[in-house]
Amino acid sequence: MKKYKNWKLITKVVMSMTVIILIYSIIFIVVSVRNAQREINAQIEISNEESLEQFNNYLNTLQTDLLNISSLTYTNDTVLDIVSGAQDFSGTKSKTVLNNFLLGMTLFKDDIDFTGIINEQSLSDGYYVAKDNSFGMREYTELVESEIFRDFTASGQDYACYLLGKEDTSVILQNRMDKLLYIRTLRNPQKNFELQGYLLLGVNLEHLTDFCRSFLKDDSSSLAVYDNKGNQLFSAGNELPEAVLKNGDKEKISHQLIDSRQHLVCFTDRNSLGWKIYYDMDLSRIIKKDFWNSYAYVILIALAAVSVFGIMAVLLTKAVTSPLKKLIGSMEKFQKGDFDQYVEVKYEDEIGQLTRGYNHMVSHIKDLIHQNYAIKMKEQEAMLGALQAQINPHFLYNMLDLIYWKASACGQTEIADTIYSMAKLFRLSLNKGEMWLTIKDEKEFLMHYLTLQKSLMSEQLSSAINVEKGLENVRIPRFLLQPFVENSIVHGFSKRVEKPEIIVSFSRNGKNLVIILTDNGCGMTSEESERIFDVEAEKSGEKKESSSYAISNVIKRLRLYFGEGFSLNIKSQPGNGTEIILILNNFLDFDREDQVMLRQHSGLLLSAEEGEGRQ
């Protein structure tokens, strides 16, 4: 509730209207989806029943074709003579006739891959034609003892179908493909239809399965065919749940709850062989999919309504919020330092009164700022005049030069070098009032500074300053590295170190300027490095040495100049020295105008900051 009170007026109006629309939309969704589910279930039932009927008609056609093909035997007298033994099968003519007859049956229908004929007298070894590379038939005495033939003869029927897997060798010695084996008795009409043998037709089960799969609506469906004894002949899609087999043959269409999921089961056994056909569909997945489709449709309607009412709300509240937006915009500009703000007052309502009060406040604050600014400028001018009166840089340079020449004349070279380095150090420090200097000048400044430090240290201090070729004239902020060098000398060499050494390098890494300072001093712990390089420590009143304050100032200046466009990493361990890595990102990609603008902008900001510090 508290957040609602803090919302903008237009947001409150739009959100309130949106909630009302959503409530009506939810009611509309529930009613619409329920009606859609009923309609979808009715359509699915009709569609599945039609598909099952079409597939059953196909099986009836297949069974009729098999019966008609097998009946061709009774119309071919030569084949009947061969089967009955009236003709000697060992003759070439008999084999040709029988081969052409079986081959014609095989080619008559694409689904038939195997045809064979066998009896006890003339064809005890059997004769066959195969398109699927299957070969070999069991002898008659072995064949009639197989489980399939015992079941067939026990049924007393003239034809039947059985599942013959490719691993089953009870009928075909090398069966290459799964088959539906159609068995038909051969009887001689001239001998009172006496049993003469058997005709075998092998139907490719893969073709049947593929055709069966074409009737499935989606991957949530399954279609399975069982014989009249409950043995599965073939199936397609998902595995048929056992619950469907137990209850699915009681009704033509039934809804069953299986494993907490709604199933639609269609059943039929209206075919010549009495096969049971089940068509099962997982309605939970279909309903869920259609539910989300309906839900998305209704959501689109709701969103359209929300959009229309949202536009109306915006138009209604714009008249109220427009003056407030102008007032807020003026306040934001005022906060950023634009003190010449004035908002026109058009109406004398509450917002007009607020605007008039704001204009009066801005005018008063502007006068106060001008007065305060004039006072500070006078104070800075007075302080600058006092400093200039106390120290004249040219006077200081001339005095140092005079001491240098006198020391040289007296043969005091060490004192002369010290005075010379100090004079150069002062000149480079002032840098003619500019806030930036070249890397070449920075190198010279550090060299003179290190010369002075060497004269103060009892042990020998060695140093090296390396500048990659092409970087000498790149300009960087002045006093950038001296505080780090001073910190290395004061802290790194506070304990006696054999052959103390400081190395400074300037290099490029793509568009980045990389500055690395290393020393072989005593190093420091992570807590000590964090304390030295903590910019905010001075605000908490923590005492620091001069070098630490200088480093804090360097970090402040870097943030002032580059924002987040730099990185400063310190690698140090007690006894292993210290390495400081400063990277100015994309610094070398600036053109000269960018460099000048950056130096001018940062110089103004830094001058303002220093002025505030002096005050």
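Tutor: In this predicted model, the largest nonpolar core comprises 47 residues, and Phe55, Ile117, Leu223 and Phe234 have the most contacts inside it. Helix H2 (residues 9–71) contributes the largest share of this core, namely nine residues. As a general principle, nonpolar side chains in soluble globular proteins tend to be buried together.

Consider isoleucine 117 in particular. If its neighbours within four places in sequence are left aside, isoleucine 117 is in contact with Val79, Val83, Leu98, Leu102, Leu123, Gly126, Tyr127, Leu186 and Tyr198. Another core lies apart from the largest one; this other core has 42 residues, among them Ile465, Ile489, Ile502 and Leu582.

Five strands form an open sheet in the order S9-S8-S12-S11-S10, and their pairing is antiparallel. Strand S9 (232–237) and strand S10 (253–258) are the edge strands, each of which pairs on one side only. On average, neighbouring strands of this sheet are turned by 20° against each other, with direction ignored. Helix H7 (residues 205–213) packs on the sheet, where it touches strand S8 (221–226) and S9, and the direction of H7 makes about 45° with that of S9.

Two of the strand pairs deserve attention. Strands S8 and S9 run antiparallel and are joined by five bridges; tyrosine 226 stands opposite glutamine 232 in S9. These two strands form a hairpin with five residues between them, and glycine 230 in the turn has a positive phi of about 90°. Strand S11 (residues 261–268) and strand S12 (residues 276–282) also run antiparallel, joined by six bridges. Cysteine 266 has tyrosine 279, in S12, as its bridge partner.

Strand S9 also gives two or more residues to the lining of the second largest pocket, as do helix H6 (147–155) and strand S4 (159–164). The second largest pocket has a volume of about 440 Å³. Its lining consists of 20 residues, of which Asp151, Cys161, Tyr162, Asp227 and Asn231 lie nearest the centre of the pocket. The largest share of this lining, five residues, is supplied by S4.

Methods
Residues numbered from 1 in each chain as written. Predicted model: local features only at pLDDT ≥ 70, side-chain atom pairs only at ≥ 80, totals over all residues. Heavy atoms only, no water. Pairing = 2+ DSSP bridges. Helix = DSSP H or I, 4+ residues; strand = E, 2+ residues; numbered from the N terminus. Axes fitted to C-alpha atoms, helices over the stretch in contact; angles between N-to-C directions. Contact = heavy atoms within 4.5 Å. Core = buried A, V, L, I, M, F, W, Y, C linked by side-chain atoms within 4.5 Å. Buried < 20%, exposed > 50% of the residue type's maximum accessible area, 1.4 Å probe, protein only. 1 Å grid on protein atoms, 1.4 Å probe; cavity = no way out; pocket = protein on both sides within 12 Å on 5 of 7 lines; lining within 4 Å. Points joined across faces, edges and corners; volume = space filled by probe spheres on them.
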